[in-house]
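Hello,

Here is the structure you will be working with. Please open it first, then read the notes below it.

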Amino acid sequence: MACIPSANKIAGNDDLLTEILLRLPIRPLLRFKSVSKHWLSLITNPHFCHRRSRGASGLFLRRTSALLNSEYYFIPLEDTSPTKPPFRTFTFGDCPNLTRILQSCNGLLCCWTTGVNAKCNYYIYNPTTHQFTTLPDPVDRVFGYTSGVESVQTVNLAFDPSKSPHYKAVCVYSSERLPQHYEIGVYSSETGLWRRSGNPFRADVNFKLGVFWKGAINWASDWVNSLYFNVDEERLGTLPMPLVPVGVEDRMIGYFGESGDHLHLIEIYGRHITQFNVYEMTEDYSGWSVKYIVDVDAVVEAFPEIICTHPSGLQFYKFLILSLIRRNNDEESFLVLSTPGKAIRYNFRDKTLKKLCDLSPLLFENDRAPVFGWRNAFQYIESLSCV
């Protein structure tokens, strides 16, 4: 009968110890970081963090349009051993009441608060460990301008734990040197410093919809081709967009986001459609291709309460796209939708539907338009990363 290796032999074999640690839940791993410097080094290694990542296990959905005390639903994405909500509301130290999530990026959240004298603070927050750090003020440290917080268009997070334990933040600011131009500042968690990047530029994009993918922050436009900023190379590039259908004045983005190292776009023209395409961007930014076709009829059949009838007799559907989740096994990839009172999961492969949780019907305030969707839904990915 083979002998069982001693604890000392296991502890001295990094490959074996790593394989054991990879199979542990996140909470014990957080405790084991304090066992020794050696264990801390193993658990915080970027390669370990990348292998340990399980993808998104939940969504944070902002549940109120009130400016103060924003609360978040937590939507678990799996019904077997569902993840517990990390928070419902959250604050940073003695920060004021208004705290908002701006972006989710590979386990970290970029957040914003405002308070006394309308001063804005930006934070990087790990909801798994509840650790956070306050970013230095980019207005003071980078641009030296006087117009204040209202000229900050966005602060976006760029973090890839498979490549580095450090992250960068990208601030887009309305230029005071050239009207109708923007400037970029880049913060490095490794140096703790902001610095100006490149020259002023013009753009017609929604900077608040920044998505990190393939080392770049991507911004979508409702009109023309969109824009990306390669963070490591500090280079701007064009993100092509599909052609807007003839007769449509504005681009109608139903979803724009990243999952499983893929960038996705959904456009929905009209609220009475029965099908729409899910696009995926090629790695070289050459264009979009159709990855999935979603059949809304399946949702209507299972959840008839989403059907609404206009006084004219025209029927339309009340649903929102909250997120798109890609899994390593693509047959398990799915959309998360909200309908009046429910969050549901739509599986791409077999078009099956599953209720994830109950939601307040107030997410749909009226019959004209829903008030929340993917712009207020943020992926939760368990993370060991330090901030």
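A residue counts as buried when its relative accessible area is under 20%. The model is predicted, and His181 has a relative accessible area of 17% in it, so His181 is buried. You will find His181 in the loop between strand 8 (168-174) and strand 9 (182-188). Setting aside neighbours within four places in sequence, the contacts of His181 are Tyr173, Ser174, Ser175, Pro200, Phe201 and Arg202.

Next, the aromatic rings. A pair of aromatic rings is described by the distance of the centres and the angle of the planes. Searching the whole structure gives 19 aromatic pairs. Phe74 and Tyr380 are both buried.

Tyr187 and Trp194 also form an aromatic pair, a tilted one, at 5.5 Å centre to centre and with 50° between the planes. Tyr187 and Trp194 are buried too.

Which residues form one aromatic cluster? They are Phe60, Tyr72, Phe74, Phe87, Tyr125 and Tyr380, so look for Phe74 and Tyr380 there again.

One last item concerns a charge and a ring. Arg345 lies over the face of Phe334, and the distance from the ring centre is 3.8 Å.

Regards

Notes. Residues are numbered from 1 along each chain as its sequence is written. This is a predicted model: local features need pLDDT of at least 70, side-chain atom pairs count only at pLDDT 80 or more; totals for chains, interfaces and linings use all residues. Side-chain values use heavy atoms; hydrogens and water are left out. Helices (H or I, at least four residues) and strands (E, at least two) are DSSP runs, numbered from the N terminus. Buried means under 20% relative accessible area, exposed over 50%, partly exposed in between (1.4 Å probe, protein chains only). Contact means heavy atoms within 4.5 Å. Rings of Phe, Tyr and Trp (its six-membered ring) pair if their centres lie within 6.5 Å; planes under 30 degrees apart count as stacked, over 60 as edge-to-face and the rest as tilted. A charge sits over a ring if NZ of Lys or CZ of Arg is within 6 Å of the ring centre and within 35 degrees of the ring normal.
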